Amino acid sequence: MQAGALGKTYKNGEIIVRQGETGDSMYIIQDGQVEVVVERDGRELRLRTLGKGEFIGEMAVFEREMRSATVRAVGDVRILTVDRRSIMRKIQEDPSLAFRIMETMSRRIRTLTEEVALLKKEGE
Amino acid sequence: MSRLRSLARTMKTADFRASFSRETPAVRQAESKGVDSRLEDGARVAVVGGGPAGSFFSYFLLELAERAGVRLRVDVYEPRDFSAAAPQGCNMCGGIVSESLVQALATEGIGIPPTVVQRGIDSYVLHTDVGNVRIDTPLREMRIAAVFRGPGPRDAREVRWGSFDGFLQKHVRDRGAELIHSRVDEIGWESGRPRIRTRDGKLGTYDLVAVAVGVNTGALKSFQSMVAGYRPPRTTRTFIGEYYLGDRNVASILGSSMHVFLLSIPRLEFAAIIPKGDYATVCLLGRDIDDALVQAFLDSPVVRECLPPESYAGRSSCHCWPSINVSGAVRPFSDRVVFIGDCGFTRLYKDGIGAAYRTAKAAATTALFHGVSAADFETYYWPACKGIGDDNRIGVLTFAVARQVQRIRFMRRALLRMASVEQGKSGERRRMSQVLWDLFTGSASYRDIFLRTLHPAFIARFLWISIVSMLKKDGA
């Protein structure tokens with residue numbers, strides 16, 4: 001890791017967020033890639049790959065539910081942790097700070113809607 | 001970008017902006033005076049000063065305007081060149097981007113790259129005459145950025161790093177602002193709008209002028225006479241010195257820790273040594289900092305052990321005595337003019353860049369969603385400034401307590417012992433470590449820090465360890 005690199009480096013395959021655990025942070029990818037996978041009936045389904053600048057675990061900022069998926073490093077990846085309490089306080093002071101998180105969630109809902117529509121079509 | 005445009009298209013501008021707006025008597029009063037205070041399509045905005053406050057203001061104003069579907073023209077006046085190797089781009093600053101600001105900027109999409117961060121900081125070491133203790137961040141993550149605001153120290157022959165102010169400026173230019181390399185000498189008025197005159201005689205009339213010139217410029221005095229009611233903040237002198245050690249020495253002597261000192265040296269409130277690339281930055285804050293105090297600090301056995309004089313050949317590469325605020329400005333706004341960053345309000349001793357972010361964003365939000373009249377700034381911008389000012393009052397109290405601990409040996413020992421014990425036990429709530437971390441790094445408000453020290457568990461533990469330390473005079 002470079003002397004000036006912020007965050008923490010995770011090695012290939014290392015787990016950043018584990019499905020089922022309770023989270024109190026979100027993460028922002030500084031460099032590299034991660035894969036998002038879910039476990040269902042003992043099988044692992046790969047949902048998507050995320051890269052630089054993307055948020056991970058942003059749902060934990062707004063709700064205290066269990067993590068909905070596992071996030072794993074693909075190669076070396078550098079991640080910055082954003083504390084839930086700290087970001088909530090900042091959003092309280094300045095609601096516009098939540099714009100980018102909302103954009104990310106909105107984009108992911110759009111993708112999910114398309115995927116659900118596709119699955120329904122295949123099932124008919 | 002197209003995503004943002006489509007978002008902007010789908011929201012009717014007036015509705016989007018109205019959702020942020022709250023009609024108040026003050027706003028109605030401004031409107032009744034006939035001040036057309038909204039920034040509409042084609043409005044022109046001047047930003048005087050291209051340091052962090054000026055850049056944050058320009059960036060967020062343009063970003064919010066794009067979201068709201070308003071086209072603005074923003075001119076940033078900054079005579080310094082942050083890309084050239086020489087001290088003319090220096091911004092006389094310790095150069096710490098706090099943990100909370102690193103996280104906020106990353107959330108805003110402004111990730112500070114490794115080429116700009118001279119060293120990521122993952123811990124601090126507290127040095128006292130009775131020992132020292134290292135306190136790590138959670139997950140041992142690099143959470144604080146040590147940066148050079150300008151192109152680096154005086155003896156830097158080549159620029160091997162990116163300037164933090166230059167990095168922010170690039171973001172602002174990419175957003176569409178125009179950077180004008182001229183010094184602004186005068187802010188006057190023309191038909192009720194502020195008019196700028198540059199040193200090379202150019203004139204420009206604007207719908208809004210944001211002044212972000214800091215407190216280390218003579219220009220502030222001349223702006224004061226042009227903006228009714230504004231009085232600049234009161235300041236005190238500090239010391240910032242850059243000491244060349246070489247990259248390897250910096251890594252082996254200082255590592256990736258910020259080194260802070262609790263020493264019983266009269267007039268010294270706070271001292272830190274920050275590793276940055278090839279250099280160690282020494283920051284001293286206090287009352288009437290002068291050569292004698294700097295020498296007393298460097299000659300102190302505790303400091304010599306941390307930073308041996310032979311490691312930097314006994315002299316600094318460059319040093320300066322910048323002013324920092326000890327109070328906020330009086331009325332940092334008028335119709336169509338707003339003062340942001342240090343020349344408006346900043347945090348006491350810490351996190352100046354974080355305060356620049358807060359005031360700049362509050363001013364940008366006010367100007368776009370509410371208006372640019374004095375009444376608008378008073379209603380929507382002033383609370384952000386007042387919040388900082390109120391917190392600083394608690395900061396004064398917090399530093400007074402820290403000063404007492406600094407003076408009394410058994411209390412220094414107790415503080416160190418409490419933090420050391422916490423570091424040695426995993427799973428234990430690290431109350432003292434967290435208080436010290438936030439106090440030294442500026443990562444939390446002084447109010448939060450102070451409230452944590454009032455927790456019964458904190459007080460009981462500190463008192464108990466203090467009594468033990470008083471009785472065991474020889475133990476560290």
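Two residues are in contact here if their C-beta atoms, placed from the backbone, lie within 7 Å.

## About the model

This is a predicted model, in which local features need pLDDT of at least 70, side-chain atom pairs count only at pLDDT 80 or more, and totals for chains, interfaces and linings use all residues. Residues are numbered from 1 along each chain as its sequence is written, while chains are lettered from A and ligands numbered from 1 in the order in which they are written.

## Chain A at a glance

Let's start with the contacts inside chain A: among those between residues at least 6 apart in sequence, 75% join residues at least 24 apart. Chain A has 3 helices and 6 strands, taken as DSSP runs numbered from the N terminus (helices: H or I, at least four residues; strands: E, at least two). Read from the N terminus, its elements follow the order β-β-β-β-β-α-β-α-α.

The C-alpha trace of chain A spans about 55 × 35 × 25 Å along its principal axes. Of the 124 residues in chain A, 30% are buried (20 or more other C-beta atoms within 10 Å of a residue's own; 12 or fewer is exposed, and in between is partly exposed).

## Where the chains meet

Chain A gives 21 residues to the contact and chain B gives 23 residues. On the side of chain A that touches chain B, strand 3 (25-40), strand 6 (70-83), helix 2 (84-93) and helix 3 (99-123) each supply at least two residues. By class, that side of chain A holds 9 nonpolar, 8 polar and 4 charged residues. Here Ala, Val, Leu, Ile, Met, Phe, Trp, Tyr, Cys and Pro count as nonpolar, Asp, Glu, Lys and Arg as charged, and the others, Gly among them, as polar.

## A helix pair in chain B

Now to chain B, where helix 13 (residues 409-424) and helix 16 (residues 456-471) have axes that come within 8 Å and cross at roughly 125°. Residues that meet here include B:Phe410 and B:Met411 from helix 13, and B:Phe462 and B:Ile465 from helix 16. This helix contact has 7 nonpolar, 2 polar and 3 charged residues.

## Two positive phi angles

B:Ser191 is not a glycine, yet has a positive phi of about 50°. B:Ser191 sits in the loop between strand 9 (184-190) and strand 10 (193-198) of chain B, and is exposed, with 6 other C-beta atoms within 10 Å.

B:Asp351, also not a glycine, has a positive phi of about 55°. The loop that holds B:Asp351 runs between strand 21 (337-339) and helix 11 (352-369) of chain B. B:Asp351 is buried, with 24 other C-beta atoms within 10 Å.

Notes. Axes fitted to C-alpha atoms, helices over the stretch in contact; angles between N-to-C directions.
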